[in-house]
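Please open the model in your viewer and keep the selection tool at hand. The tour goes from the whole chain to its parts, and ends at a single residue.

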Amino acid sequence: MREMIRLLHLADLHLGWEPSYLSGEKQRERRQRRDKVLKKAVDFALNPINNIHGVLIVGDLFEKYHPEKVLVDEVIRQLERLTSAGIFLLTVPGNHDEITYNGSVYREDLHRWPGFLVTNPMPEKVLSQRINGTQVHFYSLAYIGGLTNTKKIDAFPREEKEGIHIACFHGSLDWDGVPDRSLPLTSRELETAGYHYIALGHYHIALEKRIGHGKAVYPGAIEFKSFNDRGVGELTVVEVENQRMKIEKHSIDIQPFQEKSLDLSSLENMTELLEVCKKDGNSDLFMKYFLVGVPRFHVDHQELEERLEPYFYYVEVFNEAHYFSDEFLERIIEEPTIRGMFAKRMKLKEESADTDEEKGIIQKALLEGLAVIEGRRGSNV
Ligand SMILES: [Mn+2]
């Protein structure tokens with residue numbers, strides 16, 4: 001008999017998250033819009049074209065352990081769409097939505113949580129389930145402060161039974177940084193256990209690693225949070241057939257974001273810079289500009305940010321432009337002109353400045369002074 005299952009593997013949706021860099025109505029609007037990612041994933045799973053038999057949610061479904069009731073009700077409603085369509089569902093609490101606390105959504109709504117909810121604090125086989133005619137065994141745990149003793153995990157469980165063995169862990173694979181409040185996992189231990197598929201959550205980037213004959217996968221966070229946590233914009237599907245794994249990525253519609261470097265060297269003034277940026281204008285877009293190059297005018301990146309605000313959903317401007325190349329300064333310092341004398345004096349000041357801030361002020365003064373001397377002052381906006 002042909003044994004094949006297709007699972008949608010989700011993690012780190014962080015529903016209920018609000019951007020602190022937005023405020024008021026916009027902040028709420030962004031949260032609600034971002035939270036739609038779950039509905040999109042459920043729609044995907046229910047679409048017969050995708051032939052999904054089960055959905056795994058491997059931690060951090062919510063941003064907080066006690067999300068507001070309106071959100072919880074909506075999430076449960078969405079997940080019930082899966083279970084009532086006969087799609088297998090397994091949910092693992094994460095570290096943001098830790099089950100540890102009284103008031104945790106997974107304690108308060110345990111009785112009505114759709115599908116199977118993992119609540120055991122130490123790793124064990126949580127469930128054996130026939131999915132699309134295939135026997136599938138799941139291993140997992142819910143990290144619980146005070147009960148999950150990571151030092152006591154000497155081996156990950158694995159039963160010697162026919163079928164597909166799948167581990168679902170919200171934790172840090174081969175992490176050698178500072179320990180955080182999450183489950184440490186090592187490739188070596190997981191290889192010893194011999195799982196076919198290791199569904200992970202916690203890292204927000206998408207990662208895939210071969211472990212023994214199996215595969216460990218972080219699907220990554222899907223929706224955009226910020227430029228430091230931007231989301232992968234893809235759904236991860238694993239297809240297991242005769243114990244052979246195939247990972248698929250399906251792009252999903254999320255709010256657009258873009259990062260762009262702008263070389264100021266060939267621009268004349270702020271007006272021109274503004275016009276260049278406005279061409280990228282899109283009221284839906286998160287935009288991040290890096291200003292680079294050697295500008296001939298003083299750039300106020302904060303002012304630029306403010307003036308671009310109406311043209312984007314959100315815009316950030318970072319000024320990495322160097323006001324003068326060293327070559328240019330060295331050359332004019334040698335000039336027997338007022339410009340040369342001025343530049344020389346400012347250069348000496350800059351060299352004796354104690355802080356970067358002070359250096360920045362002197363550079364700005366040098367730039368503006370040269371603009372005055374050269375009669376360019378006033379062309380700036
Ligand atoms: Mn997370």
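What percentage of the 381 residues of the protein chain count as buried? The share is 33%, where a residue is buried if 20 or more other C-beta atoms lie within 10 Å of its own, exposed if 12 or fewer, and partly exposed in between, with C-beta atoms placed from the backbone. This is a predicted model, in which local features need pLDDT of at least 70 and side-chain atom pairs count only at pLDDT 80 or more, while totals for chains, interfaces and linings use all residues. For your selections, residues are numbered from 1 along each chain as its sequence is written.

**The whole chain**

Show the C-alpha trace of the protein chain, which spans about 90 × 45 × 40 Å along its principal axes.

**Two domains**

Next, colour residues 4-251 as domain 1 and 257-373 as domain 2, bounds that come from an automatic or database domain assignment. Their C-alpha centres lie 45 Å apart, and four residues of domain 1 are in contact with six residues of domain 2, contact meaning that the C-beta atoms of two residues, placed from the backbone, lie within 7 Å.

**The sheet**

Now select the six strands that form an open sheet with mixed pairing, in the order β4-β3-β2-β1-β12-β13; strands here are DSSP runs (E, at least two residues) and helices are DSSP runs too (H or I, at least four), numbered from the N terminus, and two strands pair if DSSP finds at least two bridges between them. At the edges are β4 (116-117) and β13 (244-251), each of which pairs on one side only. Inside the sheet, β2 runs parallel to β3 (residues 88-92), to which five bridges join it, and V55 stands opposite L89 in β3.

**The last stop: H53**

Finally, select H53, in the loop between α2 (37-46) and β2 (54-58). Is this residue H53 buried or exposed? H53 is buried, because 20 other C-beta atoms lie within 10 Å. Not counting residues up to four places away in sequence, H53 touches I5, R6, L7, I87, F88, I131 and N132. To finish, display L89 as well: 36 residues along the chain lie between the positions of H53 and L89, whose C-alpha atoms are separated by 9.0 Å.
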